[in-house]
Amino acid sequence: MAVPPDRAAARLRAAKQAVAGVVRGKDSVIELSLVAIIAGGHVLLEDIPGTGKTTLAATLTAVLGGDFRRIQFTSDLLPGDITGVNVLSPGGGFAFRSGPIFANLVLADEINRATPRTQSALLEAMSERRVTVDGVRHPLPDIFTVIATQNPQDFQGTFPLPESQLDRFLIRLSMGYPDREHERAILRRGRNPTPPEAVISVEEVAELAASVDEVTVHAEVEDYLLDLVEKTRTDGRLLRGVSTRGAEALYRAARALALARGRGFVIPEDIRTLAAPILGHRVIARAASGPPGAMGRHAVQEILWELTPPG
């Protein structure tokens with residue numbers, strides 16, 4: 001059942017305020033994380049240790065309710081530790097014991113500390129909402145979101161996520177340092193803030209996700225999005241442009257952002273807000289200096305500035 005835009009915005013505003021009570025000064029990151037979740041996508045939070053990535057992810061899961069699991073990724077973690085394994089049952093034969101991936105919200109903490117083999121265990125789950133163990137497919141919940149955190153690639157003991165894995169994340173966000181007054185508030189509060197109670201049930205998340213499909217995208221705005229995507233494929237600053245999956249991700253997220261802001265239609269500002277965090281990790285910049293993700297975001301943002309929005 002679709003939720004009217006004004007009611008959807010009110011629900012998401014309440015969730016945002018609850019998270020902001022714990023994660024100070026990061027309203028934009030909180031909003032875009034919630035948008036990704038109701039768009040049915042996965043969230044990748046990247047920054048140096050100690051900036052609040054895990055706190056944000058854990059607080060989001062507390063606010064949204066539903067089944068929650070946390071997986072601490074380490075170099076000795078195996079794929080079966082995530083997906084589950086078949087074990088010998090007391091009555092004979094084997095029975096499937098599900099892993100922590102079987103939840104509505106999964107926190108994959110420090111995902112790039114696991115080996116590529118273990119990272120790949122998430123690929124099928126994130127793209128197809130199922131896992132296959134010993135040739136048998138096991139469906140995941142209808143509402144299923146991975147919120148992953150990772151440290152920058154130059155940190156010791158990390159394995160870069162392959163491009164196919166990055167592409168499964170709808171959005172890639174960076175926390176950044178808090179400003180002075182918000183950091184003062186964090187220091188006074190102490191290290192273990194009280195987690196908020198759930199303000200949106202998993203059923204309401206499903207309703208909001210269904211409501212995203214009711215948001216209108218006019219042809220002029222579609223053309224603006226397609227102009228951006230096509231430009232990434234021909235621009236000299238990029239070695240590789242945005243795929244069709246990337247275009248679909250931006251289209252879906254723009255509808256979710258419009259809903260979160262109380263509108264039943266997408267405007268060019270929605271595209272401009274989301275382009276860099278959604279497309280930046282899906283392109284390869286020609287320049288070799290700087291972190292790969294940052295270079296991609298910067299190139300997408302420059303291309304966006306050169307396009308004339310409709311109207």
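A nonpolar core is understood here as a set of buried Ala, Val, Leu, Ile, Met, Phe, Trp, Tyr and Cys residues joined through side-chain atoms within 4.5 Å, where buried means under 20% relative accessible area with a 1.4 Å probe and protein chains only. The model is predicted, so local features need pLDDT of at least 70 and side-chain atom pairs count only at pLDDT 80 or more, while totals for chains, interfaces and linings use all residues. Residues are numbered from 1 along each chain as its sequence is written, and side-chain values use heavy atoms, without hydrogens or water.

The largest nonpolar core comprises 71 residues, and those with the most contacts inside it are Leu56, Leu228, Ile271 and Leu274. Helix H11 (residues 244-260) supplies the largest share of this core, 10 residues; helices are DSSP runs of H or I, at least four residues long, numbered from the N terminus. A second, separate core of 24 residues includes Ile82, Ala108, Leu161 and Phe169.

Beyond its neighbours within four places in sequence, Leu274 is in contact with residues including Leu250, Ala253, Ala254 and Leu257, contact meaning heavy atoms within 4.5 Å.

Helix H2 (residues 27-38) packs against H11 at an angle of about 115°, with the axes 9 Å apart; axes are lines fitted to C-alpha atoms over the stretch in contact, and angles run from 0 to 180 degrees between N-to-C directions. Glu31, Val35 and Ile38 of H2 meet Arg252, Ala253, Ala256, Leu257, Leu259 and Ala260 of H11.

Helix H9 (residues 202-212) and H11 also pack at about 115°, their axes 9 Å apart. H9 is therefore roughly perpendicular to H11, a term for angles of 65 to 115 degrees. Leu208, Ala209, Ser211 and Val212 of H9 make the contact with Arg252, Arg255, Ala256 and Leu259 of H11.

How values were computed
Buried < 20%, exposed > 50% of the residue type's maximum accessible area, 1.4 Å probe, protein only. Helix = DSSP H or I, 4+ residues; strand = E, 2+ residues; numbered from the N terminus. Parallel < 35°, antiparallel > 145°, perpendicular 65-115°, else oblique.
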